[in-house]
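Please open the model in your viewer and keep a selection panel at hand. The stops below are meant to be followed in order.

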Amino acid sequence: MSGTIDLWIIILGLGIGSFGLRFMFTGLVGTRPMPDWVLRHLRYTAVAILPALVAPQVIWPAATDGQTDPARLAAAAVTITVGLITKNVLAAIFAGASTLYGLLYLL
Amino acid sequence: MAITTPKSAFFKGALDGAPFILVIVPFATLFGLLATEAGLSVFETLTFSVVVIAGAAQFTALQLMQENAPTVIVLASALAVNLRMAMYSASLTPWIGGAPLWQRALAAYLTVDQSYVVSVSQFERAPEMTVPQRMGYFFGAVFSVAPLWYLFTFLGALLGTSVPDSWALDFAIPITFLAMIAPMFRTFAHVVAAFVAIIVSIACVTVPYSLGLIIAGICGMMAGARTEVWLNTRKVQP
């Protein structure tokens, strides 16, 4: 955990930056059209950034000091599988959490 | 319910946005819990949620702060996660671009996954809606989500310090993210984008300052965009 000043820089910077991103088009572009290639890349931000963020945590969890953990691997696999099949965020979370707790208890 | 005025649009939006309460309540509580676990005070945690109002970006920042990443990297990574908000903003512009500036500014602050998804699908279903009706609907859709996001962050933060390690909350963020992205895989290009991003992020795990995440994200976005172009040209050819 970094110092308090750093924390406030992060909170305020993230607040201003997030507002900027949200206001960028509705506020500033108005009715002008945007290049197709920009929109095409923006469409894949969420599905690229979030898995990239999670993947190292799944394979080398901080809680086990980077040792690959079968319970966490299985929980991740179950979460994504249930999410893909049901398209239901809550169902996927519950399935993943049950797998994690079940295996942590058994192993 | 027929939409005849901005007011009836607001109520229809509030109704259509209501199911997201089930997602927001546990998600906000979790943020409150994990933020206080990470050493933030209750006040800092609540301010975080009010100022930023973006779950995924807040979790990303929290994760990287716990890994002692430099402030610049925390900001860049969390904003990269929030880049999709620019996409939402772009996609809302043709529908609400004609509204007064103060309404567009307020709508920008309240642009979250839930308000965006609910509103755009309604706007596409009912293109005859006027701009004031669309704004009414949008604010209705986010009417329950935003206050509950603040309230349950606060309650989670109050609970936070009493949660033991054996609850394995370290893995709550990965599970929540995986659950959130699973319904987003609508096309083959989405799958390619995620797959490339995962491979690159694992390959780049030793890159300093968590820059591997940005590199992996950009590679994934390029892969998704290229795949989309490739699929479209294949469709055009006989």
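This is a predicted model: local features need pLDDT of at least 70, side-chain atom pairs count only at pLDDT 80 or more; totals for chains, interfaces and linings use all residues.

Residues are numbered from 1 along each chain as its sequence is written, and chains are lettered from A and ligands numbered from 1 in the order in which they are written.

**Stop 1: the domains**

Select residues 1-32 of chain A as domain 1 and residues 45-107 as domain 2; these bounds come from an automatic or database domain assignment. Their C-alpha centres are separated by 29 Å.

In chain B, colour 6-184 as domain 1 and 186-238 as domain 2. Here the C-alpha centres lie 25 Å apart. Eight residues of domain 1 of chain B and seven residues of domain 2 of chain B form the contact, where two residues are in contact if their C-beta atoms, placed from the backbone, lie within 7 Å. On the domain 1 side, helix α5 (residues 71-81) of chain B gives the most, with four residues; helices (H or I, at least four residues) are DSSP runs numbered from the N terminus. That side has seven nonpolar residues, one polar and no charged. In this classification Ala, Val, Leu, Ile, Met, Phe, Trp, Tyr, Cys and Pro count as nonpolar, Asp, Glu, Lys and Arg as charged, and the others, Gly among them, as polar.

**Stop 2: the interface between the chains**

Next, show the contact of chain A with chain B, which takes 65 residues from chain A and 76 residues from chain B. On the chain B side, the largest share, 10 residues, belongs to helix α6 (residues 83-96). By class, the chain B side comprises 54 nonpolar, 17 polar and five charged residues.

**Stop 3: two helix pairs in chain B**

Select helix α2 (residues 21-37) and helix α10 (residues 145-160) of chain B, whose axes come within 7 Å and cross at roughly 40°. Axes are lines fitted to C-alpha atoms, for helices over the stretch in contact, and angles run from 0 to 180 degrees between N-to-C directions. The contact includes B:Phe31 of α2(B) and B:Trp149 of α10(B), and by class it has 16 nonpolar, six polar and one charged residues.

Then move to helix α1 (residues 6-17) and helix α9 (residues 131-142) of chain B, which pack at about 35° with their axes 6 Å apart. Among the contact residues are B:Phe10 and B:Lys12 of α1(B) and B:Tyr137 and B:Phe139 of α9(B). This contact has 12 nonpolar, five polar and three charged residues.

**Stop 4: a residue of chain A facing chain B**

Centre the view on A:Ala52. Not counting residues up to four places away in sequence, A:Ala52 touches several residues of chain B, including B:Ala197, B:Leu213 and B:Gly220.

**Stop 5: two loop residues**

Which residue has phi near 55°? A:Asp65 does, a positive value in a residue other than glycine. A:Asp65 sits in the loop between α3 and α4 (70-86) of chain A. A:Asp65 counts as exposed because it has 7 C-beta neighbours inside 10 Å; a residue is exposed if 12 or fewer other C-beta atoms, placed from the backbone, lie within 10 Å of its own.

Finally, select B:Asn68, with phi near 60°, again positive in a residue other than glycine. B:Asn68 lies in the loop between α4 (55-66) and α5 of chain B, and its 9 C-beta neighbours inside 10 Å make B:Asn68 exposed.

Terms used:
A residue is buried if 20 or more other C-beta atoms lie within 10 Å of its own, exposed if 12 or fewer, and partly exposed in between; C-beta atoms are placed from the backbone.
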